[in-house]
Amino acid sequence: MPKLNPHQIKEDFPILQQKINGNRLAYLDNSATTLKPIQVIEAISDYNKKSHGNPHRGAHKLSVLATEEYDLARKKVKEFINAKHSEEIIFTKNTTESLNLIAYSYGMNFINEGDEIVLAISEHHSNILPWQRVAKEKKANLKYMYLNANSRISEKEIKEKITTRTKIISIAQMSNVLGTIHPIEQIIEYGHKMGAIIIVDGAQSVPHMPVDVQDLDVDFFGFSAHKMLGPMGIGILYGKKELLENMPPYLTGGDMIEYVYEQEATFAPIPYKFEAGTQNVEGAVGLRAAIEYLENIGLNNIQKHEEILVEYALDKMLKLPYIDIQGPIDLYMRGGIISFTLEDIHPHDIASILDTYGIAIRAGHHCAQPLMNYLKIPATSRISFYLYNNTEDIDQFIEGIKKVRKWFGYGS
Amino acid sequence: MDLDSIYSEIIMEHNRSGHNKKALKEPDITERGHNPSCGDDITLQLKLNDNIIEDASFTGVGCAISQASTSIMIDLVKGKTIEDALDLVNTFLAMIKSDIDNEEELEKLEDAIAFQNISNMPARVKCAVLAWHTLKEALL
Ligand SMILES: [Zn+2]
C-alpha cells in the first residue's frame, strides 16, 4: 500500500502556498470546509471553458456535453459509496438540504401521531431542526440518545431509546464536535429490527473513511462536496430506490416533471423527481474530480494518515495540563476532529490569536447547542485534519497555544 | 495585523480584574445581551437615582473582548445621566463603524478608545459592541 505523503499532497493545493501574516498556513478547520487541489479547480475551469450548457434540455452540443458531465458525476458518486443504482443518488445543495428533503418528503408523509424520532444528542443543528418541525407538525416524540463519559453511545442506550414505536433514527456517523464515530452498524441493525428507517449524516465521515451504503444497509445517507475537496453548493442524498420511489417531490418546477396539465402534474422518475430546476453542473464536475483525487490516494490511506495525526496531537495536548479535551481521548472509533477548552481562556480569543500566527481553527458551539448544554460548556475550540495536514501543522498549533497563554499572562 | 492593538494592556487588565463583575442588590434594570453565534452572554444590572446611573455591574460568560468591553463601559457610565450614557453608547458604536474622523470627539470615551481597532478583526466586532447594545436596550 502506498504511503500517503502530506508534503507532496500540499503541493497540489495552491491555497496552502500563501503566508498568513507572514506565517506558514496551518489549516486545521477541515470539519468546516476543505481546500481544493489544482485538479478540482482545473476540472471546473475546463468544464466552463468547453462543456457548459443546460443539461437535459437543448438538443445542441453543449447541452449534451453538460448532460454527460452531470451523469458521469452521478455515476462516480454511486461507485464511491457503492450504491446499487445511479438513480439512488440525488444531487442537493448540501447535507442540510439532503436532511430537509428526507424530513419533508418522507417524515411529513410517513410519520404519525405518537411515533418516535430518535437522534443523538451530538447532532448538528441541521439534523435536529427539521425533525423538530416534523415532530411538532405530526405530534411525534423526539428522543435523544445520550453519550457516556467517553463521548460514546452505549449499547444499553441504543436499546433503551429505540423501540417498536421508533419510525425514524437520524444520526451523524461522525460527530462534528467530538470526533466520535458512532456505532451506526449496530444502530442500523437494531433499528431495522424495531421497524425504523435509518438516516445517516455522513458529512464528517465520507471524506475521511471508506463508506459502503449497501454494506451498511442504511436507508438514507447525506453528505456535502465541500467537505471532501469539492465545491460548495452541491450535496448528495443517497436513498434506497424503493423508499425514494414512494416519496412525493420536495421542490417542484422545471426538469422534475413528466406531464403538466392546468390543475395537476405527473412527475419524472427518480432521481429527477427530486431535482427541480437547473442543477449545479459545475459543482457536480468538481465533485467528480474530488472523488477521483481521493480515490487515487485511497480512503484507507487517508483514514490511517489521520489516525496518526490524532495520536500525535492527542499525545502532545494531553501533556499540557491546562488543555481539556472534549471527546474521546483514546483512538478507538474516532476521527480527525479534536475539540478542547483552555483553562480561563475563551475559545474566541484562542481562535483570534492563533489566526494571527497562521493557524486556522474553529471556535464556538459548532452548530450543536444541545450538545454544548449537555456537556455544560458554552463553547469549544476545535482542530480538524485532512490528508494535506502533517505533524508540522500540529507542532505549529501547539506552539500557538503556548503563545495564546503568554498573551493572557500565563507561563508556558 | 498587530495583536497588541486588539489584546492591549487595558483590555487584558479589565478582562482579568473582574471589579465590575458581580450581581447588584436590588437593581432597577436587568438586561441580558447575547451573541448567539459565538456564545458571549452577559447580564447587565443598573441602579438608577432619578436619571443618574448610580451603580452598574454585570455577570455572564464570554471572551476577553466582550468581558473587557463590558467592564470598561461600566466604569465609563457610572455616575452619568441616562442621556450622557446613551450619547456615549452612540459615540462608541460610531467609532467601531469608523464613522468618526474627529479624534477629539472620541476623547470622552476614555479607556473605551482601546476598541478603536477592533474592525481589523471583523469576526470580533460583535464581541466588542455587545455590552453597548445591551445598555442601549436597557435605557431606551
Ligand atoms: Zn466573543
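What follows is a conversation about a predicted model, taken up part by part.

Student: How much area is buried between domain 1 and domain 2 of chain A?
Tutor: The size of an interface is often given as the accessible area lost when the parts come together. Between domain 1 and domain 2 of chain A, carbon and sulfur atoms give 62% of the buried area, and that area is about 2800 Å². In domain 1 of chain A, the residues that lose the most area to domain 2, together 22% of what that side buries, are A:L299, A:M333 and A:Y386.

Student: Which side chains meet in a salt bridge, and how many salt bridges are counted between the two domains of chain A?
Tutor: The side chains of A:R152 and A:D330 meet in a salt bridge, with N to O at 2.8 Å. Between domain 1 and domain 2 of chain A, the count is 18 residue pairs in polar contact, both at pLDDT 80 or more, and the count of salt bridges is one.

Student: Turning to the two chains, how large is the area buried between chain B and chain A?
Tutor: The contact takes 19 residues from chain B and 12 residues from chain A. Carbon and sulfur atoms give 59% of the area buried between chain B and chain A, and that area is about 1300 Å².

Student: Which residue of chain A forms a salt bridge with B:R124?
Tutor: Across the interface of chain B and chain A, one salt bridge is found, along with five residue pairs in polar contact, both at pLDDT 80 or more. In the salt bridge of B:R124, the closest N and O atoms are 2.8 Å apart, and the partner is A:D349.

Student: Where does the largest share of the side of chain B that touches chain A come from?
Tutor: Both α1 and α2 of chain B supply at least two residues of that side. The largest share, three residues, comes from α1(B).

Student: Why do the buried residues of α1(B) lie on the same side of the helix, and what covers them?
Tutor: The buried residues of helix α1 (residues 9-17) of chain B are B:I11, B:M12 and B:H14. Because they cover an arc of only 165° around the axis, they are on the same side of α1(B), whereas the face turned away from that buried side carries the exposed residues B:E9 and B:R16. What covers the buried residues of α1(B) includes α2 (64-77) of chain B and, from chain A, α14 (391-407).

Student: Is A:T67 buried or exposed?
Tutor: A:T67 has its place in helix α3 (residues 61-80) of chain A, and, leaving aside neighbours within four places in sequence, A:T67 is in contact with A:P55 and A:H56. Its relative accessibility is 16%, and buried means under 20%, so A:T67 counts as buried.

Definitions and conventions:
Residues numbered from 1 in each chain as written. Chains lettered and ligands numbered in written order. Predicted model: local features only at pLDDT ≥ 70, side-chain atom pairs only at ≥ 80, totals over all residues. Heavy atoms only, no water. Buried < 20%, exposed > 50% of the residue type's maximum accessible area, 1.4 Å probe, protein only. Helix = DSSP H or I, 4+ residues; strand = E, 2+ residues; numbered from the N terminus. Arc of directions from axis to C-beta. Contact = heavy atoms within 4.5 Å. Buried area = accessible area lost by both parts, 1.4 Å probe. Salt bridge = Lys/Arg side-chain N within 4 Å of Asp/Glu carboxyl O. Polar contact = N/O pair within 3.5 Å; in protein donor to acceptor, adjacent residues only side chain to side chain.
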